[in-house]
Amino acid sequence: MGHEKKQPSRRLVRNLAWMILVVGGWGVVGAGCSGNPVLGAMESDANGYICSACGERFFTARNVFAECCPKCRQPNLVELVGYTCPGDDTLTIALRGAGSVACLQCRAALSGFKLPLAEEFKAWGAIERTPAEVLFQAP
Ligand SMILES: [Zn+2]
Ligand SMILES: [Zn+2]
């Protein structure tokens, strides 16, 4: 009698231990994946462009490199970069290789660019585009 009673409870304990292991393991994996990495000045989550033919402002995901304008389909794109003003922290978005750039806020000459993030491009008025819109041949 006593022997028969012990077996189910021992199995239950073992099952519980497995459940805790599995749930705990998933918890650790989930926490590791959701961490938001801090991006440096030369890292971004987006590529920004302006079309030199029609002036369309847009950006793509970091792994998408636009080949043509989503609006007029011309390949004359200029990459966008950002400059942070040390005086007022304003981010000024400008064309790459534009030479001297003045701060939007205080007109100070800026140097040392940083790549703007997707939300900064968006705040500036650029529209996010999909690969199908900016590649000649969609993947
Ligand atoms: Zn265009
Ligand atoms: Zn400034």
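Biologist: Is Arg-73 buried, partly exposed or exposed, and how many other C-beta atoms lie within 10 Å?

Modeller: Good place to start, and keep in mind that this is a predicted model. The general idea is to count neighbours: a residue is partly exposed when its count falls between the buried cut-off of 20 or more and the exposed cut-off of 12 or fewer. Arg-73 has 14 other C-beta atoms within 10 Å, so Arg-73 is partly exposed.

Biologist: Where in the chain is Arg-73, and what is its phi near?

Modeller: Arg-73 sits in the loop between S2 and S3. Its phi is near 65 degrees, which is a positive value in a residue other than glycine.

Biologist: Does Asp-89 count as buried or exposed?

Modeller: Use the count once more: 12 or fewer neighbours means exposed. Asp-89 has 9 C-beta neighbours inside 10 Å, so Asp-89 counts as exposed.

Biologist: Let me step back to the whole chain. How many helices and strands are there?

Modeller: The protein chain has 3 helices and 8 strands. Read from the N terminus, the order of elements is α-β-β-β-β-β-β-β-α-β-α. As for burial, 17% of the 139 residues count as buried.

Biologist: Which strands does S3 pair with, and in what sense?

Modeller: To read strand pairing, look for bridges between two strands; at least two are needed. S3 covers residues 77-84 and runs antiparallel to S1, residues 46-51, with 3 bridges joining them. S3 also pairs with S4, residues 91-95, in the antiparallel sense over 5 bridges. With S7, residues 113-114, S3 has an antiparallel pairing over 2 bridges.

Biologist: Which residues stand opposite Tyr-83?

Modeller: In S4, the residue opposite Tyr-83 is Thr-92. In S7, Phe-113 stands opposite Tyr-83.

Biologist: Which residues touch the most other members of the largest nonpolar core?

Modeller: A core of this kind is read as buried nonpolar residues joined through their C-beta atoms. Here the largest one has 14 residues, and Tyr-49, Cys-51, Phe-59 and Leu-77 touch the most other members. S1, S2 (57-61) and S3 each supply at least two residues of this core. S1 gives the most, with 4 residues.

Biologist: What is Tyr-49 in contact with, leaving aside its neighbours within four places in sequence?

Modeller: Tyr-49 is in contact with Phe-58, Phe-59, Ala-66, Leu-77, Val-78, Glu-79 and Leu-80. Across the chain, residues 24 or more positions apart account for 44% of the contacts with a separation of 6 or more.

Conventions. Residues numbered from 1 in each chain as written. Chains lettered and ligands numbered in written order. Predicted model: local features only at pLDDT ≥ 70, side-chain atom pairs only at ≥ 80, totals over all residues. Core = buried A, V, L, I, M, F, W, Y, C linked by C-beta atoms within 7 Å. Contact = placed C-beta atoms within 7 Å.
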